Amino acid sequence: MKVTAIPLPEPSALHARREPGDFLDCYSVQSDLPVRDAANIIVDFPSWAQFLLVIRRIITAPFGLDNDGPEAADKMGVFPVESETETEVVAGFDDKHLNFRVSVLKHDGRISLATWVAPHNIGGRLYLAAIMPFHIAIAKDALRRVARAESPTGQMRT
């Protein structure tokens with residue numbers, strides 16, 4: 001159930017977005033879950049992460065940042081789904097301070113969670129720096145929950 005930091009796997013659609021100066025991280029865990037099932041687990045935040053999001057909402061409200069994401073027919077949590085294949089779901093949106101997308105990718109018996117961020121200005125870079133420790137904790141916890149989830153064969157992973 002070890003979560004590891006890895007380079008973004010080659011099949012990911014996020015490669016097409018990456019430019020110099022962008023932020024990109026990727027964590028991975030062994031899992032045989034279907035990609036959308038894993039994505040749904042990832043965005044089902046535990047209470048401590050929901051509390052952090054409430055604090056984020058309060059702090060960012062005066063700056064007019066989007067806390068709920070734009071309307072969309074298909075969402076993964078608050079994130080509009082941009083694309084979905086059998087092996088990858090990409091979701092996210094563009095905001096005043098930065099553009100971001102998350103990718104949940106199934107590849108080589110693993111589920112990977114990647115985050116791409118393109119800050120627009122100093123506000124975006126400061127925001128990214130401020131949330132980074134929380135982002136890492138939430139991402140790693142999400143993948144640990146994916147690793148513990150029931151596989152399609154009905155067996156619990158240990």
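Val 89 is located in strand β5, which spans residues 88-94; strands (E, at least two residues) and helices (H or I, at least four) are DSSP runs numbered from the N terminus. The model is a predicted one, in which local features require pLDDT of at least 70 and side-chain atom pairs count only at pLDDT 80 or more, whereas totals for chains, interfaces and linings use all residues. Residues are numbered from 1 along each chain as its sequence is written, and side-chain values use heavy atoms, with hydrogens and water left out.

Val 89 counts as buried because its relative accessibility is 0%, where buried denotes under 20% relative accessible area, exposed over 50% and partly exposed the range in between (1.4 Å probe, protein chains only). The C-alpha atoms of Val 89 and Lys 106 are separated by 9.2 Å in space, and the two residues by 17 positions in sequence.

Ser 28 belongs to strand β2 (residues 23-30) and, with a relative accessibility of 0%, is likewise classed as buried. The side chain of Ser 28 takes part in polar contacts, defined as pairs of N or O atoms within 3.5 Å; within protein, one atom must be able to donate a hydrogen and the other to accept it, and residues adjacent in sequence count only if both atoms are side-chain atoms. When residues up to four places away in sequence are not counted, Ser 28 touches Lys 2, Val 3, Thr 4, Ile 6, Arg 110, Ile 111, Ser 112 and Leu 143.

Helix α3 comprises residues 122-148 and includes His 135. His 135 counts as buried because its relative accessibility is 15%. The side chains of His 135 and Asp 25 are joined by a polar contact of 2.7 Å. Apart from neighbours within four places in sequence, His 135 is in contact with Phe 23, Asp 25 and Thr 115.

Helix α1 (residues 35-42) packs against α3 at an angle of about 130°, and their axes lie 9 Å apart. Axes are lines fitted to C-alpha atoms, for helices over the stretch in contact, and angles run from 0 to 180 degrees between N-to-C directions. The two helices are therefore oblique to each other, given that angles under 35 degrees count as roughly parallel, over 145 as roughly antiparallel, 65 to 115 as roughly perpendicular and the rest as oblique. Ala 38, Ile 41 and Ile 42 of α1 make the contact with Ala 142, Leu 143, Arg 145 and Val 146 of α3.

Asp 108 is situated in the loop between β6 (98-107) and β7 (110-119). Although not a glycine, Asp 108 has a positive phi of about 55°. Most residues other than glycine have a negative phi. Asp 108 is exposed, its relative accessible area being 66%.

Overall, the protein contains three helices and seven strands, arranged along the sequence as β-β-α-α-β-β-β-β-β-α. Of its 158 residues, 44% count as buried. Among contacts between residues at least 6 apart in sequence, 60% join residues at least 24 apart.

Note on methods
Contact means heavy atoms within 4.5 Å.
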